[in-house]
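Let's take a walk through a protein chain together. Have a look at the sequence and the 3D view first, then read on.

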Amino acid sequence: MQLAQDRLAGHSLAAKTGLTLAAAALIALGAKVQVPFWPVPMTLQTLAVLVIAAGLGPRLGLAAMGAYMAAGLAWLPVFAGSPERGLGLAYLAGPTTGFLIGMALAMVVTGALAQGRGLGMRAVAMIAGTVAIYVPGLLWLSAFVPADRLLAVGVAPFILGDMVKIAVGALALQAITRRR
């Protein structure tokens, strides 16, 4: 099964740059799309991050996350909840910055583990990527939330949605690779 990182090996810098910017735009779109879910609404941002990482690999995935973060730092309203929750550095002073850092880490972890793998290993890579999102996210969030409430606030409301997104993402990548 060949994914984009295999096919892009001999392509131009312009092609890779275009794909990276398109992936950054997909992350931004995912941050803005809210899906009604229980117990809290979820965005599709982590789905975008995990699929991009597994599909493009760690280098292009990290480049896409870097482009996304640069757009946010340039005051573009790409972050979830922006502009209402702030723009640029003001947004990054909030409780979700650790999760954004974790998404960059997830690009590397998921991308490396998923390269050239089948459905099962891609799902495992996405689970590892989700853990990579939660760890720095919870560390940062601990500055805003008491320790005894950290898991209840930072994990419990999101874990079911994250598991659904992992399943959808792994199956979507499987479908894409089968079509090629």
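Predicted model: local features only at pLDDT ≥ 70, side-chain atom pairs only at ≥ 80, totals over all residues.

## An exposed tryptophan

Let's start with Trp 75, which is exposed, with a relative accessible area of 56%.

Where does Trp 75 sit? You'll find Trp 75 in the loop between H4 and H5.

## The whole chain

Now zoom out. How many helices and strands does the chain have? The count is nine helices and two strands. Going along the sequence, they come in the order α-α-β-β-α-α-α-α-α-α-α.

What about overall size? The C-alpha atoms fill a box of roughly 50 × 35 × 25 Å along the principal axes. A compact globule of 180 residues would have a radius of gyration near 16 Å, and the chain agrees because its own value is 16 Å.

## Inside and outside

Of the 180 residues, 46% count as buried. The chain exposes about 9,000 Å², and carbon and sulfur atoms supply 73% of that area.

Contacts tell you about the fold as well. Take the contacts in the chain with a separation of 6 or more: 68% of them come from residues 24 or more positions apart.

## Charges and a salt bridge

On to the charged side chains: 12 are positive and 4 are negative. The centres of these two sets lie 13 Å apart.

Side chains of opposite charge can pair when their charged atoms come close. How many salt bridges does the structure hold? There is one, and its partners are Asp 162 and Lys 165, whose closest N and O atoms are 3.5 Å apart. Both Asp 162 and Lys 165 lie in helix H9 (residues 156–179), with three residues, or about one turn of the helix, between their positions.

Are these two partners buried or exposed? Buried means under 20% relative accessible area. Asp 162 has 9%, so Asp 162 counts as buried. Lys 165 has 7%, so Lys 165 is buried as well.

Note on methods. Residues numbered from 1 in each chain as written. Heavy atoms only, no water. Helix = DSSP H or I, 4+ residues; strand = E, 2+ residues; numbered from the N terminus. Rg over C-alpha atoms; globule rule 2.2 N^0.38 Å. Buried < 20%, exposed > 50% of the residue type's maximum accessible area, 1.4 Å probe, protein only. Contact = heavy atoms within 4.5 Å. Areas by Shrake-Rupley, 256 points an atom, 1.4 Å probe, with all protein chains shown as cover. Lys, Arg positive; Asp, Glu negative; His and termini not counted. Charge placed at Lys NZ, Arg CZ, Asp CG, Glu CD. Salt bridge = Lys/Arg side-chain N within 4 Å of Asp/Glu carboxyl O.
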